[in-house]
Amino acid sequence: MTFLKSWEEFEKAAEKLYMQEPSKVRYSMKYVHSKNQLILKMTDNVVCLQFRTEIAQDVRKIDKFLNNLMRHMVSKEH
């Protein structure tokens with residue numbers, strides 16, 4: 001399990017992973033207070049994508065991505 005270096009790289013890979021098999025994909029988000037880091041993980045039990053950030057501005061990007069992901073999840077088209 002390696003961390004992707006850029007947000008754009010993670011976002012594209014995560015969306016592609018979700019679109020391949022929506023019912024098998026899950027994500028988690030963890031905040032590590034001692035390191036001031038937010039860690040995102042998205043997996044389908046075969047591929048594991050991770051992204052780590054310490055930049056507060058990335059939270060807005062993450063929020064936008066998760067809102068988009070939720071729209072995909074509730075839409076009737078998969």
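1. Asp 58 and Lys 61 are joined through their side chains by a salt bridge, with 3.7 Å from N to O. The term stands for a side-chain nitrogen of Lys or Arg within 4 Å of a carboxyl oxygen of Asp or Glu. A search of the whole structure finds one such salt bridge. Side chains of opposite charge can pair when their charged atoms come close.

2. The model is predicted; local features need pLDDT of at least 70, side-chain atom pairs count only at pLDDT 80 or more, and totals for chains, interfaces and linings use all residues. Residues are numbered from 1 along each chain as its sequence is written, and side-chain values use heavy atoms, with hydrogens and water left out.

3. Asp 58 counts as buried because its relative accessibility is 9%, whereas Lys 61, with a relative accessible area of 37%, is partly exposed. Buried means under 20% relative accessible area, exposed over 50%, and partly exposed in between (1.4 Å probe, protein chains only).

4. The protein chain has two helices and three strands, in the order α-β-β-β-α from the N terminus. Helices (H or I, at least four residues) and strands (E, at least two) are DSSP runs, numbered from the N terminus.

5. Helix α1 covers residues 7-20, which is 14 residues, and spans 20 Å from its first C-alpha to its last, close to the 20 Å expected at 1.5 Å a residue. The expected span is 1.5 Å times one less than the number of residues.

6. In α1 the buried residues are Trp 7, Phe 10, Ala 14, Leu 17 and Tyr 18. They lie on the same side of α1 because they cover an arc of only 100° around the axis, taken from the directions from the helix axis to the C-beta atoms. Lys 12, Lys 16 and Gln 20 are exposed on the face turned away from that buried side. The buried residues of α1 pack against β2 (37-43), β3 (48-53) and α2 (58-74).

7. As for the whole chain, 31% of its 78 residues count as buried. Among contacts (heavy atoms within 4.5 Å) between residues at least 6 apart in sequence, 50% join residues at least 24 apart.
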